[in-house]
Amino acid sequence: MGSTSDWEVMKGACDVLDDFGVEYEKKVYSAHRTPAEFSAYVTSAKERGIGVIIAGAGGAAHLAGVAAGQTILPVIGVPIRSKALGGLDSLLSMVQMPSGIPVSTVAIDGAKNAALIAVSIFALTDKSLEEKLLAFRRKQAEKVLSAQL
């Protein structure tokens with residue numbers, strides 16, 4: 001995440017990953033204030049066994065785009081709601097990436113969905129995780145179908 005102030009939102013991604021038993025790292029880096037350290041972290045991620053990068057940031061929100069420009073790992077951007085523009089600035093920073101350097105972007109403050117996308121990616125090659133994800137989806141469907149008006 002781009003700042004400790006993003007933790008309140010990004011904690012949702014960690015909670016989902018914990019629920020599915022997916023290991024992760026959580027770090028604070030700034031694309032602007034710690035560019036060398038962030039670059040070293042991103043460029044070594046694949047060798048460290050990282051399979052997906054979830055990058056949450058507000059304001060200019062360049063964290064996800066800078067990550068995507070330095071790795072072939074999937075990057076999922078989480079735009080964080082900002083005071084100035086309600087997160088629209090963050091969202092646009094992520095979805096307006098140049099052709100060839102994609103950032104998969106979720107809704108403003110959508111960290112939980114970012115984690116579910118990561119789980120879906122890992123479930124393609126992990127049968128146990130696939131079964132957990134299918135059970136999660138069944139539980140969601142059952143909740144909808146049992147709703148009373």
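Reader: Which residues have the most contacts inside the largest nonpolar core?

Author: The model is a predicted one. Its largest nonpolar core holds 22 residues. Within this core, the residues with the most contacts are Phe20, Val78 and Val119.

Reader: Which element gives the largest share of this core?

Author: Two or more residues each come from helix 1 (7–20), strand 2 (75–80), helix 5 (111–123) and helix 6 (127–145). The largest share is 7 residues, and the element that gives it is helix 5.

Reader: Which residues does Val119 touch, leaving aside those up to four places away in sequence?

Author: Val119 is among the residues with the most contacts inside the core. With residues up to four places away in sequence not counted, Val119 touches Leu17, Phe20, Val22, Leu129 and Leu133.

Reader: How many residues are in the other core?

Author: Another core lies apart from the largest one. Val42, Ile50, Leu63 and Val103 are among its members, and its residues number 19.

Reader: What pattern does the protein follow along the sequence?

Author: The secondary structure consists of 6 helices and 3 strands. Read along the sequence, these give the pattern α-α-β-α-β-α-β-α-α.

Reader: How far apart are the mean positions of the positive and negative charges?

Author: The protein has 15 positive and 15 negative charges. The distance between their mean positions is 3 Å.

Notes:
Residues are numbered from 1 along each chain as its sequence is written. This is a predicted model: local features need pLDDT of at least 70, side-chain atom pairs count only at pLDDT 80 or more; totals for chains, interfaces and linings use all residues. Side-chain values use heavy atoms; hydrogens and water are left out. Helices (H or I, at least four residues) and strands (E, at least two) are DSSP runs, numbered from the N terminus. Lys and Arg count as positive and Asp and Glu as negative; His and the chain ends are not counted. The place of a charge is taken as NZ of Lys, CZ of Arg, CG of Asp or CD of Glu. A nonpolar core is a set of buried Ala, Val, Leu, Ile, Met, Phe, Trp, Tyr and Cys residues joined through side-chain atoms within 4.5 Å. Buried means under 20% relative accessible area, exposed over 50%, partly exposed in between (1.4 Å probe, protein chains only). Contact means heavy atoms within 4.5 Å.
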